[in-house]
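Have the model open and follow along.

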Amino acid sequence: MKYSTKSFVYARWLFACIAVLLFLSYADVYAYKGDAFITPDSWNRHITSNGVRSSINGISFGDTGLLKMGYTTRIKLRFSDETDYPIYQYARVRLSGVQVGEGEFILNLNMRGAYDNAPSIGDRVYHRFYDGLYASRNYNEYTRSINNEDGDLRIYQGNMEFKNVIPITDISLGRIYLAQIDGYKVDGANIKVTPSEYFNINVYYGLPVSYYSNLDTQVVGTNMEIPIESSGTRLKFAYSYFIQNNDSSLNTHVARARLDQTLSFEPLDATIYAEGDLIGRAFVYEAGFDSDIHASKTNISLYVNGQATVNNNPINNYVSLYEGLLGTSEYVMGGGKITQGIIDKLLIGVGYEGRYNFKDYYGDRDYHRVFGNIDLVGLIHRNNYLSLIVDYYNVPETRYQNGTSRVVGGFRMTQVFSEKVEAWMGVNVQNFQYRNSPVRMNGMINNFDFINQRWNDENTTLAYIGAVYKPVDWCALQLEYVFEYADLFKNADLQPDVHTVEMWANFLF
């Protein structure tokens with residue numbers, strides 16, 4: 001087993017912190033409210049800042065509707081061999097509550113404009129590794145036609161909804177998310193009919209939306225849902241047919257079925273789900289279980305998923321990108337985690353995750369991973385939230401890549417100073433961050449000989465610190481610094497490290 005110097009530093013730091021913190025005095029803060037583990041809103045900003053506030057009262061016009069508006073300016077300053085400064089502008093408008101007969105009219109608009117000077121580093125453009133702007137601007141003919149050389153425009157959502165204007169019927173027109181089991185984004189129409197509280201059905205047609213490829217595709221489909229609230233049961237079924245306009249061999253069927261079951265009885269609350277998807281000729285499955293045991297502050301979760309059959313035939317480009325299918329892949333993976341609250345201020349968790357490929361090492365490799373965390377609340381300071389993380393993983397050797405076994409560690413911490421100010425910081429080591437992303441790896445996959453795969457060490461270390469300030473209810477200002485050290489880039493003589501300062505100004509009315 002190989003351990004890097006960095007790994008030992010993380011481990012020593014981690015155990016030293018644990019030893020010190022356990023001797024600190026208690027403050028009037030509790031990790032639990034009843035049996036639920038409580039963390040502040042900014043806890044989910046660690047690693048990837050969301051930056052956009054979503055809850056605001058809006059401007060009421062009485063019976064004529066409720067208007068919510070949002071505007072965000074986001075600036076990223078990257079420092080490395082060259083300086084890069086992408087600038088993002090987000091605009092969001094939602095008008096709801098407009099009465100039309102016995103129903104309601106809703107208008108949604110969510111869009112983003114971006115500018116990026118896209119500097120080259122040597123003879124390589126590193127945007128292909130860091131974000132989707134490079135792929136969006138260079139590989140999609142439609143976005144190339146409406147964007148200039150350095151700009152990029154995206155419309156995330158732009159639609160009208162007519163809810164119950166026609167009895168028992170909801171109609172959505174425009175750029176919409178299919179909110180049922182599929183979750184695709186399409187330019188088109190969706191009609192939902194709810195004849196009973198125990199049954200509803202959707203029918204939709206449109207053009208799938210992708211920011212990273214020129215699709216030339218149509219899709220037609222249906223979703224059906226059978227909710228049985230009294231028993232905690234929910235059944236969902238979906239079918240979609242993707243039509244490739246210029247190549248009928250890429251026409252693809254996607255069929256899904258899903259069961260969600262909630263269980264609630266003393267001393268247990270639990271949810272169970274199982275889903276099977278037929279995508280082209282590939283069968284993809286997933287099942288999971290999550291439970292809370294009352295009074296004991298114990299949570300147990302388990303999952304398994306995989307691809308059970310080989311997909312030898314080509315499938316539609318949108319389906320392949322959206323579903324993450326990688327050709328002739330046949331695998332199973334799964335894991336579980338148990339968390340235990342020891343006292344009101346302490347939570348301990350341990351888990352396992354593993355993957356086994358039956359045929360080919362395609363995309364992800366086989367691996368075993370054991371991980372754990374210790375969460376401490378209120379021990380350093382009032383309203384302080386600290387999670388200490390240990391991660392061991394083992395990846396076997398393939399004909400292209402060396403095997404590796406490693407222990408890494410990290411932490412994340414949030415401090416709530418007041419209702420208006422929160423700050424957070426942490427160190428995180430991510431495995432396979434770039435290898436898993438078809439956007440970030442664009443330019444590497446098709447140049448296999450360009451990089452000696454056996455040299456690649458697939459860890460990315462992120463260290464970050466940030467804060468948010470809410471001077472008034474309708475404004476949130478955020479600042480964050482991130483240091484990224486990617487072993488993959490260093491070993492391939494690409495970008496060894498990156499410093500990023502990111503600023504958000506969010507305004508919601």
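Two strands pair if DSSP finds at least two bridges between them. Helices (H or I, at least four residues) and strands (E, at least two) are themselves DSSP runs, numbered from the N terminus. Keep in mind that this is a predicted model, where local features need pLDDT of at least 70, side-chain atom pairs count only at pLDDT 80 or more, and totals for chains, interfaces and linings use all residues. Residues are numbered from 1 along each chain as its sequence is written, and side-chain values use heavy atoms, with hydrogens and water left out.

**Strand pairs**

Let's begin with β12 (residues 185-196) and β13 (residues 199-208): they run antiparallel and are joined by nine bridges. A hairpin of two residues takes you from β12 to β13, and D187 sits opposite L207 in β13. From there, β13 also runs antiparallel to β14 (residues 217-228), with seven bridges joining them. Across that pairing, V203 stands opposite T222 in β14.

Further along, β23 (residues 384-395) and β24 are antiparallel too, joined by twelve bridges. I389 has G410 in β24 as its bridge partner. Strand β24 (residues 404-416) is largely enclosed by the rest of the structure, because ten of its 13 residues are buried. Buried here means under 20% relative accessible area, exposed means over 50%, and partly exposed is in between (1.4 Å probe, protein chains only).

P267 lies in the loop between β16 (252-265) and β17 (268-279).

**A negative patch**

E266 turns up again on the surface, where it gathers with D269, D290 and D292 in a patch of negative charge. Like charges are joined within 9 Å, with the place of a charge taken as CG of Asp or CD of Glu. One of the four, D292, lies in strand β18 (residues 282-293); D292 counts as partly exposed, at 34% relative accessibility.

Note on methods: Patch = residues over 30% accessible without salt bridge, like charges linked within 9 Å, V, L, I, M, F, W, Y side chains within 5 Å. Areas by Shrake-Rupley, 256 points an atom, 1.4 Å probe, with all protein chains shown as cover. Salt bridge = Lys/Arg side-chain N within 4 Å of Asp/Glu carboxyl O. Lys, Arg positive; Asp, Glu negative; His and termini not counted.
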